[in-house]
Each structure stands twice: as structure tokens, then as C-alpha cells.
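Please keep the sequence and the 3D view side by side while you read this note. The points go from the whole chain to single residues.

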Amino acid sequence: MFQGESIEVLPLQDGLVELRFDRRGEAINKLDARTVDEFRQATERIAASPEVRGVLVTSAKDVFIVGADITEFGATFQQEEAQIARGVRASNELFNAFEDLKVPSVVAINGFALGGGLELAMLAPLRVMADTAQVGVPEVKLGLFPGFGGTVRLSRLTGLATAIDWVASGKPAKAPAALAAGVVDEVTSADALRERALALLQRAVRGEVDWQAAQQRKRAPVALSAQEAGALVETARTQVAARSGRHQPAAVIALEMMAEAAGRDRAGALDLESAAFGRVAKTQAAASLVQAFLNDQALKKLYKRHAREGRPVKQAAVLGAGIMGGGIAYTSALRGTPVRMKDIAQPQLDLGIAEAGKQLAKQVKNGRLAQAKADAIQASIVPQLDETGFDAVDCVVEAVVENLEVKRKVLAALEHSVKPGTVIASNTSSLRIDDIAQPLARPQDFVGMHFFNPVPVMQLVEVIQGTKTSDAAVSTAVGYAVAMGKTPIVVKDCPGFLVNRILTPYINAFVQLVADGADFEAVDRAMEAFGWPMGPAYLQDVVGMDVGSHVGDVIAAGYPQRMPAIERNAVKAMVAAQRYGQKNGAGFYRYENDPTGRPRKTAAPEAHALVATLQPQGKRDFADAEIVERMMLPMIVEAAHALEEGVVATPAELDMALLLGVGFPAYAGGALKYADWLGLDRVVALCDKHAALGAPYAPTARMREMAAQKLRYYP
Ligand code: NAD
């Protein structure tokens, strides 16, 4: 009856037809523009055929429909708000045409029906769901909300309160929750799904199920008074605003719109939804979160290439059972790669093993791991004082002390214990890979693998390619990091690699601001309001003032022109006063452990007194906007340098590293996405405004060129 690239309509018995989603040549179904257009055509054919008495909607894939095609968002979202709104409103009419068919339909939800997938499923009067499937509207994670009538139909199927909860949280629901919410009518085993859905359709055709009433309910206002809706929104608003923060307005915009739309009929409600969607599509959060999603997809594609070119790591080893080595060994074992853990000190090995045991016990207690599995994981970490068995490992990660001579000696010895081709990775945080590699006989097998602390939590791993590192060694390290559940980014060897290099000018900007009279608490407040999880002073306290200062010095020495020493340096003053931060209870702030053992931050008058000695001109008030400019511009400039030097291959990798490595505010998407949002012309103009602050604020020639030509880092 209809045959497209993504949809076909096939006749069944007794005037029933099956509308089947089966995207040609792919493993999943998604709602791209072509599929939506095919859906329109299929609906028209069904509507025009007097023989059709009912429609069964199915999927031929493991999923039902995973959602819209996010790669299409970029171009759409560049339109004006009103144009976007008109576009989605027009698509809504195609969806309405299916909802308004004169015959009943039943959707068989066999797997994920997310976003546009659930919106489409809600067009039918009836839904049967496999007990293994999940439904939901995760758009809020992209800074959006459903725009194909999802907020409207969900409110009418499940009530306003639950609909707001689903839309604002973006969490998918399993079958029992979906049934309880009234979003589906029946739940069954995956095997029986088709049969049950067909039986329900036949009952509807025979008039034993009042499917017209179900459709009518979706066209009418929600059964709720304006007052009730208002009260509901008031309670929800506080929760939702607290959860998503002021930089991610999608959930709050959605719930206000949904409350108003509840009182309207379908057409009126869809008008409101489309208009609000246009608004939310133009927010910075939507632009950044959609880009971050695409960046993530691009990385996954890269990983597939590395997986082909690298050597699978079946057995690993770690040198050093300290904070980092212990964390790496635990994470490796947890994710299924057995690991030998060597240290020169038995107590360190004991500590490392005990720490892994503690983490595993926590997982068991939380119900995430069975005891037997935890025991097996623990047993797959082999503590040892020598290098027995190293000739059978595919990758060794070195995490001994940060000292060039020690690392060189340890690694040169290690080369004799492993076979050629075994990848040796150093977890150095500040030494150059080429420097460490100097005495090695097989530098082609040597690579950097820079994990972040705490390893089990932090997502990013910088994989550093030295001058002599082979591509195969890089691919092996990438593959191992992926196997550990991490997001590896390949970077070239340079001082600070990528993330710490870009962070250094940001911290320097903070030190300069304070030297110029800024109150460090005011700087923290401004940067936290901008969206950073912690301000720069607090960050130094958490990292440890001595460590931060040392690493900063090492990196700055690599870029003397852009990162010269700063006079009246508050971080160095803190170190000199032995105020190391959280680790000894005193830094820019004071810390005391609360009853649960977590450090609680309070103001430290003595830290303010110390900083005052560095401010001969006294204190000066800086507006938040000026603080943000002075902090963020050097970061953008350094990111541009790193990209132009080829330290990373793409803006996507650079921004991803900042999001995952240093907690760059997600709504701003990373330094380069943020530059795009501001516009390169604006960035350059702001840099010029702050030119007196010197080299960190000098845009690159390429940035000026991009500004002049109105170019962007992302398409
Ligand atoms: P740590 O002091 O906690 O652990 C170092 C361990 O190495 C100790 O257990 C020590 O006994 C052991 N060791 C020393 N010489 C050894 C040898 N010859 N063979 C085997 N083991 C030996 O240090 P850490 O914080 O885990 O740092 C380790 C490495 O990771 C350093 O290069 C550091 O710069 C880097 N790093 C640290 C962090 C962090 O935040 N701590 C973050 C990223 C990278």
C-alpha cells in the first residue's frame, strides 16, 4: 500500500493494515524529515482507502523509534524563532492527520520509544508495550522539550502533574510506570506483543473498545481548573528550577506553557507548544547541548576507527598503587579488564586493594553489583611487588611519582619485562611525553594516558601522542580507555596537554584580578553564577594550592610569552602561608568536616587579610560581567591556540575535553562553542577592550580572520 525508505504499509487480514517503521540499512528508527514526510504520505494513503478498517503500528528494529534526527537540528535552529515555531506547527498538522483517522489504530511499542518516538505513538488511541521497552521524552537533556505535540498529548493521557514530571526530568519510564501513568494501555511480554496489539485492534474495530473517546480526550482541554493548574505549576516550578538551574530554562518554559495549554483544545495547545518550542530552540543551552550530543556521536565514530586499528587490551597492568594507580586498576577491573598492580611498597599495595574493596562493597550495598561478581572483580586485581606476568599484558599504565628521572628509570626497566608491541602509557600530569620517552628503546610503543582524579568518577582521559608514538599505540590506548567506560581525547604532546593548558590562563586571570583588587569571593560568586560548579578560588582549594601552583608553573614555563609570572600572586601567597586548601583545612576558605565527614566551606577572614597585603591599591569592585570577561577570554584564546596548533583535531574534541575534564558549564558547551555563541567578532572586540591586560587577551590572527569573515568553529 505504501513503500518508503523508512516506512511501509502492508495489508493484513480483514481490512487491517500494518504501518511498519523499518529504516533501510540501519539498526534503528528515527524521525528525520524524510521519515516524517513518509508518515504523511502513508497516513494519506490510509485515509483515502475505504477498505482500511484499522491500523497496527510496529517497528521492525529492536527499538520502536529513538527520537528525532538530532543532526537536522543545527540547520533548523538557525532560523528565526517564529519560523521555527511555524515549522513545528506545520509538522504537527501531519501528526494530527493520523490522530484524526476514521479508523482505530494500536501502536506496538517493542523497544525504546523516546522523544518524537513517543510523540508519534501517542497519536494512536491505544498502545501496547513490551515489558522490556521504555518510553520517555528526554528532550530536556538537549535543552529542549517535545515539540511534536508531546507535551499536549502527554498532559491529556497522564494528567498535568505526571506530564510535567516526565517532560522536566527527561527520565524514561519502564513498562509498569508507563502503564500506571496511563501512557500505555497494556503491557505484555516481547514475544506476545504483536499478537496482543493485533487482538486489541480487532476489539477496537468490533466496537468493543471505545477508541473514539480516547481520541476525543486528546483533543479536549485537560480536566483541571485554571486554579488547580496554577497551584500545580507553583509547586513544580521551585523543584524544576532548582534541578535545572537558571542557565537551562527548557523545563521551566515547558511547565509554564503546559499549564496554560491545559485549558485549551488541541489546536490552541499545539499553538502554545510550537511558539514556546521556537523560543527554547533559540536558547544558548539548546545550541550547546545539541552540539555536545553531536560531538559525542562524532567521538564514538572515531572510537570505532581506533578499535579497528588498535590492539584489544585483554590483560592490563598498572605501575604504582597510589591515588591514581589504585583508581585505574579498580576501574579497569570493574569494567572487565583484569589488571596486575605493581608497587614498590607493600603498604601501598594493601591500601590500593583495600580501596578497591571499599568501592566494590559500596556497589554491592547499592544493589548495583552482586556479591559474587564483586568478588570476581576484586580477584581480577593482582597486587604484586615485581613484574611477574608482565610479558602477557597488552598495556601497562605507569602512575608512579611525578618525577622525570624516576619515570625514565622505571619505564626503561619496564621495557625488559614486557613484549614489544605492549603499549606503555604514562599517567603524567605535567611532564612531556617526548621527554619521558628519551631513554626508551621502543618509543613507538609509548603514549600518554592522562586520567583525572578521582579516576572512577572522572570521565575524561587525554591520550597523548608523542613525536615517536605510533598510531597503533594511540589506538590501543583509546580502546582501553573506552573499555574502561571513559571518554578519551587524542592530543599532541605539549606542556599541559589540552585541558590543564587551557585552564592555566583562566587561573592566571583569577590571580591577576585579585592582584588588581578583586575580592576572591566575589570572583567565585560571579563564576558560579556564570555556571561553573565552583569558582576559581574554591577550585584551587579543592585541587590543592601546592599541586595547582606547581603544575601551573610547569605549564606556564612552556608558554612564557602568554603566561608570564604574575606579581602579587595570591595562590603563591597561600602556599607560602601553608594554606594548601581542603587538604589541610585552610586555603582561600576554611574547611571543617560536617557530621557525614564532608568538608564544609566557610569564610576565612585570615585569608582575606593575607590577600589584602597583595592589594596595595586596596580593594576594587568589579562588575560580574567584567569578571566573566576577564576570566573567560584567556580561556577562549588559549583554546584557539591549541586548535590552531593541532593539539586536538577538531573543536568537538576540544570542547568535549573541557566539559568532562574541568566542568565547563554545559549550557555554554565548551570554550569554542561559547565563542561561537558570542560571535567571533564580539570575542575579538572584547579582547581588544582588555588589551591592556597583555598577551593572554590577544586574539590569534586566525580569530581576527574568522571574526572579519563571520566564520564559526561549528557549522
Ligand atoms: P601517589 O603518590 O599517590 O602514588 C604513587 C605510587 O607510586 C606510590 O604508591 C609509590 O609507592 C609508587 N611507586 C613509586 N615508585 C615506584 C616504582 N618504581 N614502581 C612502582 N610503584 C612505584 O601519586 P598519584 O597522585 O597517584 O600520582 C601518580 C601519577 O599520576 C603522577 O605522575 C601524577 O602526576 C599523576 N596524576 C596525578 C593526579 C592527581 O590528582 N593525583 C591526576 C592526574 C595525574
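1. Start with the domains. The protein is split into domain 1 (2-282), domain 2 (313-493) and domain 3 (500-572 + 620-708). These bounds come from an automatic or database domain assignment. Domain 1 and domain 3 have C-alpha centres 43 Å apart. Between these two domains, 4 residues of domain 1 are in contact with 6 residues of domain 3. Contact means heavy atoms within 4.5 Å.

2. Know what you are looking at. This is a predicted model, where local features need pLDDT of at least 70, side-chain atom pairs count only at pLDDT 80 or more, and totals for chains, interfaces and linings use all residues. Residues are numbered from 1 along each chain as its sequence is written, and side-chain values use heavy atoms, with hydrogens and water left out.

3. Now find the ligand. There are 20 residues around the ligand, and Asp343, Gln348, Glu402, Lys407 and Ser429 come nearest. A residue is near if one of its heavy atoms lies within 4 Å of the molecule. By class, this shell holds 8 nonpolar, 8 polar and 4 charged residues. Here Ala, Val, Leu, Ile, Met, Phe, Trp, Tyr, Cys and Pro count as nonpolar, Asp, Glu, Lys and Arg as charged, and the others, Gly among them, as polar.

4. Which elements each supply at least two residues of the shell? They are helix H14 (323-334), helix H17 (404-417) and strand S16 (446-451). Helices (H or I, at least four residues) and strands (E, at least two) are DSSP runs, numbered from the N terminus.

5. Check the ligand's oxygen atoms. One is 2.8 Å from a polar backbone atom of methionine 324. An oxygen is also 3.1 Å from a polar backbone atom of isoleucine 323. For asparagine 427, an N or O atom of the side chain is 3.0 Å from a ligand oxygen. The protein covers 79% of the 840 Å² of accessible area that the ligand has on its own (Shrake-Rupley method, 1.4 Å probe).

6. Look at threonine 331 in helix H14. Is threonine 331 buried or exposed? Threonine 331 counts as buried because its relative accessibility is 4% (buried is under 20%, exposed over 50%, partly exposed in between; 1.4 Å probe, protein chains only). Beyond its neighbours within four places in sequence, threonine 331 is in contact with Val455, Pro456, Met484 and Lys486.

7. Finish with proline 536, in helix H22 (residues 536-543). Proline 536 has a relative accessible area of 0%, so it is buried. Leaving out residues up to four places away in sequence, proline 536 touches Tyr506, Ile507, Phe510, Val523, Asp524, Met527 and Met631.

Definitions and conventions: Polar contact = N/O pair within 3.5 Å; in protein donor to acceptor, adjacent residues only side chain to side chain.
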